[in-house]
Amino acid sequence: MYRIIIGDDDTVFLEEAAAIVSECLTAEGLVQGVDFNIDCYSKAEPLIDALERGKEGCLLLLDVEFGDVNGLSAAASLREKEVEFRLIYITSYRDYVFDSFDTQPLHYLLKPVNKEKLAGLIRDDLRRQYLDARIYLKAGSKHLSIAYSDIYAVEAAQHRIIFHLKNGVEEWSGTLRELAQTLPGWCFCRCHNSYIVNFSHVTELVRYQAKLDNDIIIPISKRFYKPAIEQYMEFLKN
């Protein structure tokens with residue numbers, strides 16, 4: 001199920017935001033309570049508790065000044081605890097935009113919210129995280145279904161493909177060229193003759209290597225370095 005959590009101490013805005021989200025997702029053919037769920041919180045403590053207890057990632061729409069709690073500090077604390085969520089700030093305060101970068105938001109929207117802009121961001125997240133969020137492969141008699149978010153990198157080694165995943169590895173008998181045409185280009189990049197990297201897990205990209213958030217180092221060859229940098233910059237913009 002696609003999950004959205006909205007946190008704002010303005011209860012009128014909570015209703016407005018929930019209505020925008022519901023209208024957007026319903027227009028995509030999803031059914032509330034079946035395909036998606038929206039939870040609204042006017043206080044920070046129960047919202048934080050819900051996020052920490054959640055087993056699946058969600059899209060969080062969060063006010064920066066959330067009652068007595070600073071939304072940036074709350075988001076930073078959740079990131080430190082490795083709670084999985086995507087984040088969009090919705091606030092009346094322009095001054096916090098640069099401070100928000102450390103919490104890795106998808107976007108920073110100012111009130112009054114542009115309905116079309118928010119709906120567009122939700123649709124993008126929906127497609128990336130829910131509708132088109134998995135790759136399906138056949139490996140011998142075994143069929144693989146792997147979430148894009150679980151893939152850190154893909155390696156070609158000894159005539160086999162190795163998926164480096166969040167919880168271990170999976171092997172496949174195809175080719176890296178074939179796989180590169182299947183994986184979504186907005187976050188996956190062919191960075192070497194033997195590697196594809198998922199930019200969603202890159203914490204640092206320097207000359208000829210990418211460091212991932214699990215501390216793995218992926219090589220970037222001289223041939224692929226310039227297009228990889230250009231693709232990574234586009235990824236960061238979006």
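Colleague: How many cavities of 30 Å³ or more does the structure hold?

Modeller: It holds 1. This is a predicted model, where local features need pLDDT of at least 70 and side-chain atom pairs 80 or more, while totals for chains, interfaces and linings use all residues. Numbering runs from 1 along each chain, and side-chain values use heavy atoms, without hydrogens or water.

Colleague: What makes the lining of the largest cavity nonpolar, polar or charged by class?

Modeller: Ala, Val, Leu, Ile, Met, Phe, Trp, Tyr, Cys and Pro count as nonpolar, Asp, Glu, Lys and Arg as charged, the others, Gly among them, as polar. The lining includes Leu47, Phe66 and Gly71, and the tally is 10 nonpolar, 1 polar and no charged residues.

Colleague: Why is the pair of Tyr232 and Phe235 called stacked?

Modeller: Rings of Phe, Tyr and Trp (its six-membered ring) pair if their centres lie within 6.5 Å; planes under 30 degrees apart are stacked, over 60 edge-to-face, the rest tilted. Here the centres are 6.3 Å apart and the planes at 15 degrees, so Tyr232 and Phe235 are stacked.

Colleague: How do you know whether Tyr232 is buried or exposed?

Modeller: Buried means under 20% relative accessible area, exposed over 50%, partly exposed in between (1.4 Å probe, protein chains only). Tyr232 has 11%, so Tyr232 counts as buried; Phe235, at 18%, is buried as well.

Colleague: Why do you say Arg79 sits over the ring of Phe85?

Modeller: The rule wants NZ of Lys or CZ of Arg within 6 Å of the ring centre and within 35 degrees of the ring normal. The charged end of Arg79 is 4.0 Å from the centre of Phe85's ring, and sits over that ring.

Terms used: On a 1 Å grid over the protein atoms alone, a cavity is a set of points where a 1.4 Å probe fits but cannot get out, and a pocket is an open set with protein on both sides within 12 Å along at least five of seven lines; lining residues have an atom within 4 Å of a point. Grid points are joined across faces, edges and corners, and a volume is the space filled by probe spheres set on the points.
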